[in-house]
Structures are given as C-alpha cells and as structure tokens.
Amino acid sequence: MTVLGTLAQRIDRARTAVRRATVVPLLVRAGAAVCGLLAITVAWPVTVLTGRFSVFIAAVAIYPAFAPRGRGATVAAVAAVAGWILDTAWYDAPVALWRVLALATLLYLAHTLTALAAVLPTDAEVDTDVVTGWLLRAGAVTLVSAVLTVLALGLTADLAGGAFLVATLAGLAAAVGATTLLARLLRRS
C-alpha cells in the first residue's frame, strides 16, 4: 500500500469516528483538555505563556484529550509541574497556597478525566450518572486533599525541629508501607 493510500485510509477512519461520536465521551475529553489548559495556565509564568512557546505548551496540555490511552497525561502533568518550578525558582514567584491547591486540583481532574476518556469509546452511549458519579468522587478526593494540605501546613508552623523530622519520617514510612502492601496485593490477584 502506498503512502497516499495509507493516509486516505486514516482520514476515512477519522471521518467515521467523528460521525459516530456521541456527546458524553466528547464532553469528558473536552473536560480533560480544559483542566489541562487551566493547569498549565496556573503553573507557567505569564511571560512564557504569552511568548513564542505558548502554542507548543497548549498542545502538550490538550494532547491527552485527543489520545488518552498513551503517556500524554503524564507528559502534560510533568510539563505543568516544570512550569510551576520554573515560575517559583527562576522567576521568583511567591508560593501561594491557592495556586498550589488549584494546580493540584486541576492536575488531578485532568488525570482522572483522561483515565475516564481512555476507557470510553467515542461512540459509546453513556448515562450521565456514570460521569456525574466519577466527578463527584474526584471532587471529594480534591476537597479532602485540600483540607489535609491546609491542616498539614498549619501543623508545620506549630512543629519545629525534631518533632517535624519525626513526623516527616513517619509519613514517609507509612507511604512506603502502603505502597509495598498494595504491590503485594496486586501480585496475589
């Protein structure tokens, strides 16, 4: 088959996919794209976002919505975190709590919507209750995470020196223990 034949075949498949697409899976993908763009907007410095790399950065942010089954969501999240590090370390932007919480929330929502889009075929007839339940769980996770983050930051002001070090090491040990337990449970099944 020639290159033009292969290209024509791919274009024909794309037309068929667009014709058969339903609303709910497309809305899930649009939500992933919007959350990715907002995460990049919150993370990156304004001067970079309005500069010559803006189209490339936006493409990285919305790519997972078009191809949710690949590594695009990871690349987009790493790009957002890299932008935040660039803004706070290189451009000396202050680390604001609202910005950290917004970035974490948007990255989580982009990730979870991309995961949902990965399992939803674009032509699937999906009840809106499925997506609503998914978003309610995601909202609960982000709310609990935000509350725990604010509480932890409040405790760091009260704890100092050795107590803070012990709490940090205990938290790391708990995280390693939970990861090890989950890995063993996954190997069993």
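The following questions and answers describe a predicted model of a protein.

Residues are numbered from 1 along each chain as its sequence is written. Local features need pLDDT of at least 70 and side-chain atom pairs count only at pLDDT 80 or more, while totals for chains, interfaces and linings use all residues, and side-chain values use heavy atoms, leaving out hydrogens and water.

User: How many helices are there in the protein?
Analyst: Helices (H or I, at least four residues) and strands (E, at least two) are DSSP runs, numbered from the N terminus. Read along the sequence, the pattern is α-α-α-α-α-α-α-α. The protein has 0 strands, and its helices number 8.

User: What radius of gyration does the protein have?
Analyst: The radius of gyration is taken over C-alpha atoms, and the globule rule is 2.2 Å times the number of residues to the power 0.38. The C-alpha trace spans about 70 × 50 × 35 Å along its principal axes. For a compact globule of 189 residues the radius would be near 16 Å, but the protein has 21 Å.

User: Is Thr114 buried or exposed?
Analyst: Thr114 lies in helix H6, residues 97-119. Buried means under 20% relative accessible area, exposed over 50% and partly exposed in between, with a 1.4 Å probe and protein chains only. Because its relative accessible area is 5%, Thr114 is buried.

User: Which backbone oxygen does the side chain of Thr114 reach?
Analyst: A polar contact is a pair of N or O atoms within 3.5 Å; within protein, one must be able to donate a hydrogen and the other to accept it, and residues adjacent in sequence count only if both atoms are side-chain atoms. At 2.6 Å, the side chain of Thr114 reaches the backbone oxygen of Ala110.

User: Is Val46 buried or exposed?
Analyst: Val46 belongs to helix H3, which covers residues 46-49. Since its relative accessibility is 62%, Val46 counts as exposed.
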